[in-house]
Each structure stands twice: as C-alpha cells, then as structure tokens.
Amino acid sequence: MRNVIWFDTFSADERACLGGKSASLGELMNAGLPVPPGFAVTTHAFRSAREGSGVVEAIRARLDGLDPSDVHDVTTRAAAVRELIMSWPLPEPIGAEIRAAYQQLCEQIQVADVPVAVRSSATSEDSPDASFAGEHDTYLWVRGGDQVISNVRRCWASLFTDRAVSYRVEMGYSHLDVEMCVAVQKMVRPRAAGVAFTLNPGDGDRSTIAIDSAWGFGEGVVSGEVTPDNFLVDKVIGSISRRTVSAKTHAFRLGDDEQVHRVELAPEEQREPSLTDDEIAAIAKLARAAERHYGCPQDIEWALDEDLSDGANVVLLQARPETVWSKKKVVVSTGADAMSSIVSTLVNPLYARKS
Amino acid sequence: MPDRFPSPFEIQTPPGAEGWEQLYTYSSVFSEDRREYEEGGFWFQDGVHWPEVLTPWDATFYEYALASLSQYNTRHYLIPPALGVDFRILNGYAYLSPVGVANPAEVEARVPHFLERAGFYFQNWDRLYDDWLVKIRALVKEMSEIEAEPLPEKEPIDVVTEGRGTGSGLILQESYHKLLDLALRLWQYHFEFLNLGYAAYLDFFGFLKQAFPSIPDLAIAKMVAGVDVDLFRPDEELKKLARLAVESGVDGAFDAGNPDEVRDTLRATPAGQAWLEQWEQAAEPWFNFSNGSGFYHSDRIWIENVDIPFGFIRDYIAKVKEGADLARPIAALHAERDRIVAEYRELFSSDEDREAFDQKLGLARTVFPYVENHNFYVEHWSHSVLWRKMRAFGDVLTKAGFFGEADDIFLLKRNEVPDALWDMYSAWAVGTEPRGGKYWRPEIERRKGIRAALREWSAPPALGVPPEVVTEPFTVMLWGITSDSVAGWLRASEGSDEGELSGFAASPGVVEGPARVIFGADQIGEVEDGEILVAPLTAPSWAPIFGKLLGTVTDVGGMMSHAAIVCREYGLPAVTGTAFGTSRIKTGQRIRLDGNKGTVTPLD
C-alpha cells in the first residue's frame, strides 16, 4: 500500500485507504470533471506513522479506564493524546513522501509554496469514525512542506476530539482501530467564478447550459450580490446563443492577508466580459460532464483558477442536482399524426414569431 | 422607425430608363389597374435568386418559377393558409409578395384536401422521387434535342420525296415553342416536391424549437442535412480529376493558363488522353454548373467556360502536391450527424417526445434529399441546356442579320422571339428581306441603354406595408425573411444603423480579417487567401475558392439558402441575409464575422 496517492491515480484495491472524499475527487477527475489537483495521505500512512512512532502503548494507557461521563477527565486525556500525535516522530519515508508530493504539486502548478487545503477524509460510511466526518478539521491556505505535515498531524489528531473519544467508549469501539486519510488539495485562486445550470433556468430548456460569471470568487454570484455576466451555450453543438455582459460593480478577491475581500472595480473592468469564448466552452463542457456523471440536470459551482494553465484552469467546486425544472415532465408533442402536425405547423408557424 | 416601405407607385424611373415597363410582360409590372391591391401589399426584393436587373428574356424563368410555386400551393396541394407568391418587376428588379388565405373558414375548408393530396406525396415520397429523377433526365434529354438551325437555301430533297408537306420555318417556330413549354414543365417539376419538403422540415423545426427554445437553427439543419448531396458532386469531381492528374503525371499540362493549350498538351500523351476521357465523363452532367444562381443568361457555365473548372483543378493540383487530403471525411460527417441526433434525443424528458422526434426526423430526412438536390438538376443542369439552346436561336437570328451577337436574343421578351422568327421565316418564304436587323438592332441598343440605367439604381429591400408578423412559412424558409429582418430594414432605411450588421447564423465559427466585397461571379478571381468574402449571395459553384476564405457574408438568404448549405458543408463560418453587407462594408476593411451569433462587426 502506498502512503501518498494522487487523487486520479488510485487503483480499485486502494480505494479503501483513500477515504470517501479523496476517492470521489479522483472519480470526478477521471470522469472529465476537473477538481483542484491534489493527493491523499492514505490510511496506510496513518497506520505506519502510528505503529512506527512507538507511542501506541502510551495512547492506550492514556485512555484506559476512561469514564465518558466525566467531562473534565475526557477533556484532559483527549488533549494529552492529541498532543502525543502532534509530536510523535514521523517514520521515514512517510514525511519525505508527503514533502515530495507537495513539491511535485508546486512544480506542476509552477507556484512556489502553493497554498493548499488540508482536510480529513473519512475512510468509509460504516466505520466508527464516520459519525464525526463533519467534525474533522479543514485547514485552508496552508503553505510549505512543514506546514502541510503539521496540518496532516492536526487532522490525524482530530480523531481524538472529546466527542470522538467519548463516543467510542460508549459504543465499545477500540480507539486504535480508527483510521484517517488526509486530502491535500490546491486552494483555488479564481480569476473568475460562478455557477452553471445544465438547463435554461428561465424556461427549462434542456438543450442549453446557462453560465453566470463574475470576477474573483463566486460568493457574489451565489449570493446575488453581483450582477454576473450571463452566457447561454448549446449543449450539443456548443454554440454561444446569447451573451449578456453586465456591469460587475465589485468582486470578491483574495487579499494579502489570505482573506476574501469585497473590492470595487474600475469601470472598464466592470464592462469587460469575465470569460473568453474558450473559457465559456470549457465551463459548458464541465457542466455537461457533471450532468452525464450524475445522470440528471445539475447546478454547479465552478472557478477559473489563475494558477492553472489555460485549457486546464476551469475547476469544479460543487455539483448538486437542479430541482426546479428537472421535476417537471415536459411533453411538447401533441400525439397528432404526422399530417395533422404539419397542418398546425403551417397554420400557426412557430418560426414566424418575433424573437 | 417608419412603419412602412415606399409604395411601388412612389418609386421613380431612373434617368435614361424611361419606358422600361415595355421590356417585361404587361402582367408582371405594377399598374394603376391594380393599384389598390398592389399598394396595400408587402413586396420584398428577391435577392436570393434575382439580385440583378432582369433582361426581358431572363424574366421568363422568374415568371415561370413563381407561377409554378404558386400553382402547387394554391391548386395542387391546397396548402391551408397559403396561396401563391405574387410577383412583379420594378425598374428591372424582382419583387415578391406572399398571398395568404385570409378567411379562417377557407383555411379550414382547405385542410381535408391538403391532407389527402399532400398525404399521398408524403406516403409515397421515395417512389415519387425516383420517378422524378427519371422525369427530369427525360426532360433534359428532350431539351437537348431541340434544334435551332438556320433556314436552308432550299428544302432538302427528302422533304419532297417523303411528301412531308411542311418546311423548316415551321420546325424552327415549333422548336422555340417547345423550348418555352419544356421550360415551364421544368419549373412545374421543380415545385412538385419542394413546398411539401419545406413543410415537413418546418414541422420538425417547430417541434424542436418548442422542446428546446434556444436550440440553434444550425443544429436542426445539421440533423437532416445529407452527406452525399448531388450539389457537392461537381466540386468532388474536380478534386478527383486533380488527384488523377497528379497520379498519372499529367498535372504539368495545367501550368498553361489557356484551356486550349492545356487540352493540346493532354492530347499528346496516352495518359493525357485517359485524363480527358475521365474529364468528359464527369462533365456530363456535373459541369453543367453555373457560377451564379443559374437564373441569368450571363451566368457562366463550367462546361462552356472551361477556364473556370481548369483553374479550380490547377488550384487543387497544387494542394494535392502539398500533400493535402482533398477527400471529404464522409465517415466523420456521418458520425457527427449521428452524435448530434443522439445527444438531442437524449435531452427530451419524455418518451412521447422522443417518439415524435424520431417520426418527424424520419420524415424530414425522407424529404430533404429533394430539397438539397433539386437545385443541381433544375437551376444548373437544365438551365444550362436551356441557355445553350436559346443561344442557338440567337445564332440563327444573328446569321440572318437581326442581331449583332447571339446574346442579343435575351433583350427580347419571350413572346417577341416568335415575332422575330416569323419575320425571318416569312421573308425567307417570300424570298425577300426581313425587316429584321433594321427593326431589332436599334431597339436592342435602346434596351441595353435602359438596362444600363436600371443597373445604376439601387433596389430597396422591400416595398409597401409590412405584415405585423411574417407568418408565411416559405417566405421565412426560402428567403430568410422574418419579422426581425423586416424591422431591421425599416431601421436601416432611416440610416441610423451604422455599426453591427445582423443576419442568420448560417454556419458556425468566429473569424476576423480583411473583407473582399464582390458583386458577382466574374469577380471571384479577385479573392485572395485569408479574406472574408462579402457578396450579395454565393453560388454552390464557388465552393472551390472556399479553401482560401476565412468566412462568408451575404446580403440575402436564410438558413436553407444554397449559400448556407454549402458553407456548412465546407466548414466555413457564414452570416447570411445581412441585407446591407455589400453596401456598408468596403474591400480591405477589417471585419469580425460571428457565425454563431449571426453578426458582422466592422473593426475599422
């Protein structure tokens, strides 16, 4: 088993050691749904580190005979275990492999100390730690190999939060059976971002992909705070049937403090289309791939990552099923025979209406 | 924005063109006798087929075509809401006015007849179309056999010994009448299927627009477009001949610019002779191909102007030697068409609609080969023969001193030709001099003067009162005239719109480059590599220069115009029906052509 696996390169028998989140990121990539690139620090790495650290006995001793009803006791002992994990010696080659993978990510993107998100990734739905998947930690804007390793440890340590520890005692699960995979993924730095529907939200037309786009992070588009540019793209032949470039008065952008700020835009930037035709095509392709992958109309969030190279810079941030139009069954045909249909076409020609 | 176009009765005769009305049949010009009807209607200039001034004889096909189209709507199939398309000539230009059935009860009463009559054609389409192909070939043969020979000094002896009892003068007059009758028959054949074909296509089109309101017109066209279309055959034959020339090592012969020299060089070697044999085989019928719409006697036909196809072959030879693969990617074209159909089909949210889609697509594909192919058989092949025969009559009259040259015959109205033939015949019969040249030569000069004056006039795109909504389906399909384009003309008549031009997004792609504005086929030699062609319209026979072009802009035509079909076939971005392309854009000006949106933007 490998300690570090790139999202899109895992084999079937490695799936279990990847955790749900990392594996699904890899599956999306392989389905033509580019997500920000990254790698998983597998459960195998976690286990090797735990076994190799020589502190297993110490952990067991710290938690032996814990009374889950004694809040103070739980807090003290869990904190002590987390301390052990944060400082346990990392057996080689695990540390070197994590550093190497991070370095490779930096080189691939050509950004030194590229900022990444470090997230815990639960192994499987029915494992004891799954109940706390949502509680495991996420660390954003992490830079540099040392910081990555330190935050991987913090994820590992999050297996021993007060609640996780009490829960396992109550359920009779072993503290040393739990495992943790950690996902290390590039932080997106969007030049433009927004949403896309795989149907026309105005009339439910399923042949259309509707894209809303604005400068910077997609928050303004999602919240409705910025009037976005809007593009309608045909799903099959890919032509752009309508473009509306709006005055995007402000944008959400990353400041030097690595916080997102609302900034006013100069008039010329407001009126500039936030996407090129090639970018529109790439987003439409991404939306179409998401729809195919999930088998129903989708509402996706996407971003155009300025760190990634042209042609590979559109990334999927989130996909969820569209719920308004997809529930309606549309029947256009009247069931009339061919001739009657032709008669009504001639008498009431659709083509003749004003567009 | 004005709410109407000028009345035909407000239009002035250009200076020097006085008396132009006499050059056309009395029924085809606007007149006080029918003023109320004519002034109340909406007339648009048919630049798709007749962008230039008609000569008196060339008006024949115009009248025959419109009467035949109308006859099928009105009297054969009883298209419920549509009668014919009325036609007039104003200052030498062709204007059309679709005539609807105003009374809803009358529309209703026509429906059962339409169902029976059109239904029969739809049900038996393939068989009837096979019959049509036989009929049209028989017609071409009959036209080819028409003889126009000068009258002999004395009748041949067998006229006497066989006791025929008639002479050459009668034969000549009969031949001319026969030519007119066959021409009218040709135009009746032309519309035997066309209107119904468009009706079925419109039904498919309307259904998809309802299911997918934003579906591009182009996508619908691509689903039904054929891959093996006769209209592309002439160009394919040129490519084959170019490849053969290179393979058999006779390509050097084409270095000579003069087609006679090329032929002489080829005749000198066995390989060259073999090439010429292949050429002859391809030429009949495929090079009976006009470099224009086929509606003007002045259009040049490949087989009679060998410099045109030889020039194209020379260009193709150069490409073959550069290693270019000229073959059309047939398999890829089929695969792309299948992909488009499968993906839209998948997008329907109900099985009912998928079933209706399959059925309508099936019918549209049944009718479409006729829609795509008839143009070669009628406007190109048959018209080529008819123009040739007309020149033979012109030759006869020229030899008899009536004309300065054979083409002068096209300055006569079709019903004046029998008078001239009569003049010649009767004088020949009597043994005296015809009035002939003394009458016709100055008259032809006068008419040429009128024609020249009319050519200086710029025909407005429309006349009269536009309908609130353009509802006539054929007007939209064939001529690309919609409520939007009418509104655009009205706006432009104020001179307010100086920037972007809009038209039909007829073939996808976005390009920027220098414009090359040309007004007719005789100018296509001016086109240089990397230019965007701007023309009143293009002809299918211009396809060989498409390799040089970045894109095409036309003044007239809709999604289904021949220009649109050919541009899609050759993957060339195109915007058709811009109305003002050739008048607003200048050669050398940089423009941006967006074949996805249907816009043309001047960049400087």
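Me: How many helices and how many strands make up the secondary structure of chain A?

Reply: In this predicted model, the secondary structure of chain A comes to eleven helices and 13 strands. The C-alpha trace of chain A spans about 85 × 50 × 40 Å along its principal axes.

Me: What makes 43% of the residues of chain A count as buried?

Reply: A residue is called buried if 20 or more other C-beta atoms lie within 10 Å of its own, and of the 355 residues of chain A, 43% count as buried. In helix α6 of chain A, for instance, the buried residues are A:V148, A:I149, A:N151, A:V152, A:C155, A:W156 and A:A157.

Me: Why are β6 and β12 of chain A called a pair?

Reply: Two strands pair if at least two bridges are found between them. Strand β6 (residues 190-197) and strand β12 (residues 298-305) of chain A are joined in the antiparallel sense over seven bridges, and they therefore meet the criterion. Within this part of the chain, A:P190 stands opposite A:D305 in β12(A).

Me: What makes β9 and β13 of chain A the edge strands, and of which sheet?

Reply: The sheet is an open one of six strands in chain A, with the order β9-β8-β7-β6-β12-β13 and antiparallel pairing. Its edge strands are β9 (240-244) and β13 (314-321) of chain A, each of which pairs on one side only. Neighbouring strands of this sheet are turned against each other by 15 degrees on average, direction ignored.

Me: How is chain B divided, and which elements of its domain 1 touch its domain 2?

Reply: Chain B is divided into domain 1 (231-328) and domain 2 (500-602), and 25 Å separate their centres, taken over C-alpha atoms. The contact takes 15 residues from domain 1 of chain B and nine residues from domain 2 of chain B. On the domain 1 side, the elements that give two or more residues are α8 (233-247) and α11 (307-321) of chain B, and the largest share, three residues, comes from α8(B). The residues of that side divide into seven nonpolar, four polar and four charged.

Me: Which element gives the largest share of the side of chain B that touches chain A?

Reply: The contact between the chains takes 47 residues from chain B and 36 residues from chain A. On the side of chain B, the largest share, ten residues, comes from α6(B), while the elements that give two or more residues also include α13 (351-399) of chain B. The residues of this side divide into 31 nonpolar, ten polar and six charged.

How values were computed
Residues numbered from 1 in each chain as written. Chains lettered and ligands numbered in written order. Predicted model: local features only at pLDDT ≥ 70, side-chain atom pairs only at ≥ 80, totals over all residues. Domains from an automatic or database assignment. Contact = placed C-beta atoms within 7 Å. Helix = DSSP H or I, 4+ residues; strand = E, 2+ residues; numbered from the N terminus. Nonpolar A, V, L, I, M, F, W, Y, C, P; charged D, E, K, R; others polar. Buried ≥ 20, exposed ≤ 12 C-beta atoms within 10 Å, placed from the backbone. Axes fitted to C-alpha atoms, helices over the stretch in contact; angles between N-to-C directions.
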